[in-house]
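Here is a short tour to read with the model open beside you.

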Amino acid sequence: MSYLTRRLSTFPLVMLGVSILVFVAIRMVPGDAITAMLGTEAGLLTPAQREALANYFGIDQPIAVQYWHWLLGVFRGDLGISVTYGKPVLGVILERFPLTLQLALMSMCVALLVGLPAGVFAATRNEKMSDLAVRIFAMIGQSTPNFVVGLLIIYALSAGFGILPTMGEFTPLLVDPLRNLGQMILPAVTLGFAFAASVTRISRSAMLDVLSDDYVRTARSKGVPKRSVIWRHALPNALIPVVTLSGVEFGYLLGGAVLVEQIYALPGLGRLVLDAILQRDYALVQGCVLFIAFNFMVVNLIVDLVYVALDPRIRLGEGG
Amino acid sequence: MGRHFSTRLISGLAFAATLGVSFVTSPASAATLRMAWSQDATGLDPHKQTAFSSIRLLELIYEPLVRLDKDLKIVPAIASSWEFSDGGKQLTFKLNPNAKFQDGKPVTPADVKASFERVLDEKTAAAARANFRSIASIETPDQTTVVFKLSQPDVPLLTAMASINAAIVPASEIAAGSVGTKALGSGPFKLEKWDPNSKEVLTANKDWAGGKVGVDGIDISVLPDETAILASLRTKQIDFALLNDPLVATLVPKETNLTLNRTPVLAYHVLQLNASRKPMNELVVRQAISCAIDRQDVLDTASVGEGKVTGPLTAPGYTTDASQLFCYKRDVEKAKKLMADAGYADGFSATVIAANGEPATAASEAQVIQSQLAEIGVKLDIKMMELNVYVDAWLKGDFDMAVALNGGRADPYSMYNRYWTKAGNLQKVANYIDDTLDSQMQKGREETDPAKRKAIFANFEKHLVEMSPWVWLYTSYSYTAQQKNVQGFVPTPEGSLFGLSKVTVQQ
């Protein structure tokens, strides 16, 4: 419990650091909300017009003053107003988040359901042809960018079979689960593809380590069936690196999967951040990055807690 | 167990995929046009938005006083007639008495006056204000007449007024400060819903003074990836799409159920030289660069030949025979000699900036130019930038050379006065001006006779190309793709989608 409290107490500090970093970084990038809106036409503005726009976008004050105003707002639970959407930032983010969360969960399911059995299978057939096949497949999966996989899937389905999931209008899970799954399954497979390859590789090598441990040999010599040795005795101990990998990947996915969201036209967090950066919607960029950082910390914390559940020898917060 | 599990997984995926597929075939109501584009509007204020992607949406909702047709002729919109008087210093409009805003209220001269005053008010921060500076006062003598009094003869003003940046909005909305948050115009479509970067829903305006709208409405989806747009067209999920990437557009004719509309546009691809920097400050060096570039090769390689080599004038009615312009036939020997004359026989190094994806061909153009200039010893370092970063550097004139796609206008004066007049707002970007360019532009502004105007701008063009502050390359096409049962769309050289007001979808 004290470990949990200690970890939670670092959250505000990290968030503060992240907020300063993103606040300054996005303003240091050349170009501002005015050039984002007007492009080269911004050159036609008179100084008075420029001033009026800077005031409208709230960028006419020194950065420190802007930050202070923003921070005061955050303490009141107000992340600011998005100039693109004309709505409070938190509202815009929370509208997009369910999709991103669902996509992350679905692609993790794809990854674990494919990657874990494949990894275990390969480890038990170490150096045989089938192991080699799995390893080659994993290598291809890991080294193929997901936008290539996505585009290939779209092309193959539309040109080869004349079919494609509905794009453009996203249906939330709770509104129409079937329609939603129809839209989400291909993006999840696309994202899960490379993720599954990583899981395969890491579970294979972890499994190989564990399978050569004494207790596994002991279990075998006691006559425990092979299947039971693998799935009941060895696998739980091989899971720690898989959990670490999945946690990190899942944390990344919660930040949105820009390319896959672009290709399948899904209104997720990744596209939201990308568009916000391109349009220099400062409040929205800050809000999104903060939100993503928070999610990442929560996921990391959960991963640590899962370690304890998997391996009782690990005692969190007691100096190893 | 592993194998058993995989079988279940595969059948699960197959089931889920069938779910996805089962939704594909449900067609939307035939009278609603399902449309897609890759870049969404960035705002709803017609006076402030300058991005193509915003204008394409706003011109379906709002209307200016006049409009440009497919031949760039000025035709009625809210105004039914107009005339210049007082030696080009007065412009009088008669409004269409049937013109109504989408809330049913008539469009009055007071709305016109309030709209232009809003554009001219510096607090509005409308970039288009620069085109309307000659308006001294606006009078509304009766219920259908608006009179613009001008401080100087300004013939291009009428063409500038055909822009959606001069749209007429209700005076009451201006007073309430709600222009931009609420889209209330007099155009063919009403905006029912806008989810930025995702979706727009438009319904036909039954009261539109321009006649009956051909469809009940338009559902626009934002599909950021254009190959996904093509896939959606292929599977009949959408009826009509706007495409930017020539590489995607050229695949459309291969699909039997699709039609590609390909229209030359006014925007031009150009290599901008910064004549305030050494050695581009020397005329012969700029001319050497111009002579060393094979414009057709840039077009063929970077843009799969989709376009036409152009001089500075791109509007039909003003274009001249590009092959007659200075060094439009590549001449490497001449270029080398010019370089040697300037004392740069061994060449020099420079940086060229270009924006990522804007246009889609920017990086390829820079690469072709890099290899062509290498032949005369110019070592180009290509710097690709995010669009906004590029715009920032461009506006500051902070580059040696820049690959650019600059917007065109129907009138050469409106198109170039920002760059090639002494008081031009973008002189800092153009970085070159001389008396001939300035005086030709001023003559063009005042001249009302079309044939004389054409001759003035032809002289302007010839001189500009010889001075080579920039190297004009080519104009490209705007592309829309549609299903065979979509009929009646008329594209324009401005890339306008206003033609959607007369489109019908056959059952």
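In this predicted model, strands β6 and β7 (residues 145-150) of chain B run antiparallel and are joined by 5 bridges. To find the pairing on screen, look for B:Ser137, whose bridge partner in β7(B) is B:Lys149.

- The β6-β7 pair of chain B belongs to an open sheet of 4 strands, ordered β4-β5-β7-β6, with antiparallel pairing.
- The edges of this sheet are β4 (79-85) and β6 (135-142) of chain B; each has a single partner strand, so one side of each is left without a neighbour in the sheet.
- From one strand to the next, the twist averages 20 degrees.
- Helix α3 (residues 109-120) of chain B lies across β5 (90-95), β6 and β7 of that chain. Relative to β6(B), helix α3(B) runs at about 170 degrees.

**Strand β1 of chain B and its parallel partners**

- Strand β1 (residues 32-37) of chain B is mostly covered, with 5 of its 6 residues buried.
- One partner is strand β10 (residues 217-222) of chain B, which pairs with β1(B) in the parallel sense over 6 bridges.
- Within that pairing, B:Ala36 stands opposite B:Ser221 of β10(B).
- Strand β11 (residues 240-243) of chain B also runs parallel to β1(B), and 2 bridges join the two. Here B:Met35 has B:Phe240 as its bridge partner.

**Strand β16 of chain B**

- Strand β16 (residues 401-406) of chain B is mostly covered too: 6 of its 6 residues are buried.
- B:Met401, B:Val403 and B:Leu405 point one way from β16(B), while B:Ala402, B:Ala404 and B:Asn406 point the other way; all are buried.
- Strand β12 (residues 258-273) of chain B runs antiparallel to β16(B), joined by 6 bridges. A handy landmark is B:His269, which stands opposite B:Leu405 in β16(B).
- With strand β14 (residues 348-355) of chain B, β16(B) pairs in the parallel sense over 2 bridges. The bridge partner of B:Ile353 in β16(B) is B:Ala402.

**Helix α10 of chain B**

- The buried residues of helix α10 (residues 332-341) of chain B are B:Ala335, B:Leu338 and B:Met339.
- Why do these buried residues line one face of the helix? Seen down the axis of α10(B), they fall within an arc of 100 degrees, so they share one face.
- An α-helix has 3.6 residues a turn, so residues three or four places apart point the same way.
- The buried residues of α10(B) pack against α8 (283-292) of chain B.
- Just after α10(B) comes B:Gly343, with a positive phi of about 85 degrees.

- Chain A contains 13 helices and 2 strands, and 44% of its 320 residues count as buried.
- The C-alpha trace of chain A spans about 85 × 60 × 35 Å along its principal axes.
- Among contacts in chain A between residues at least 6 apart in sequence, 73% join residues at least 24 apart.
- Chain A is divided into domain 1 (10-75) and domain 2 (97-310). Taken over C-alpha atoms, the centres of these domains of chain A are separated by 36 Å.
- Where the domains of chain A meet, 13 residues of domain 1 are in contact with 11 residues of domain 2.
- On the domain 1 side of that contact, α1 (2-28) and α2 of chain A each supply at least two residues, and α1(A) gives the most, with 8 residues.
- By class, this side of domain 1 of chain A has 10 nonpolar, 2 polar and 1 charged residues.

**Where chain A meets chain B**

- The contact takes 58 residues from chain A and 52 residues from chain B.
- On the side of chain A, each of these helices supplies at least two residues: α2 (33-38), α3 (47-57), α5 (89-124), α7 (146-161), α8 (177-211), α11 (258-263) and α12 (269-278).
- Which helix gives the most to the side of chain A that touches chain B? That is α8(A), with 8 residues.
- The residues on this side of chain A divide into 34 nonpolar, 17 polar and 7 charged.

Technical notes. Residues are numbered from 1 along each chain as its sequence is written. Chains are lettered from A and ligands numbered from 1 in the order in which they are written. This is a predicted model: local features need pLDDT of at least 70, side-chain atom pairs count only at pLDDT 80 or more; totals for chains, interfaces and linings use all residues. Two strands pair if DSSP finds at least two bridges between them. Axes are lines fitted to C-alpha atoms, for helices over the stretch in contact, and angles run from 0 to 180 degrees between N-to-C directions. Two residues are in contact if their C-beta atoms, placed from the backbone, lie within 7 Å. A residue is buried if 20 or more other C-beta atoms lie within 10 Å of its own, exposed if 12 or fewer, and partly exposed in between; C-beta atoms are placed from the backbone. The arc is that of the directions from the helix axis to the C-beta atoms. Ala, Val, Leu, Ile, Met, Phe, Trp, Tyr, Cys and Pro count as nonpolar, Asp, Glu, Lys and Arg as charged, and the others, Gly among them, as polar. Domain bounds come from an automatic or database domain assignment.
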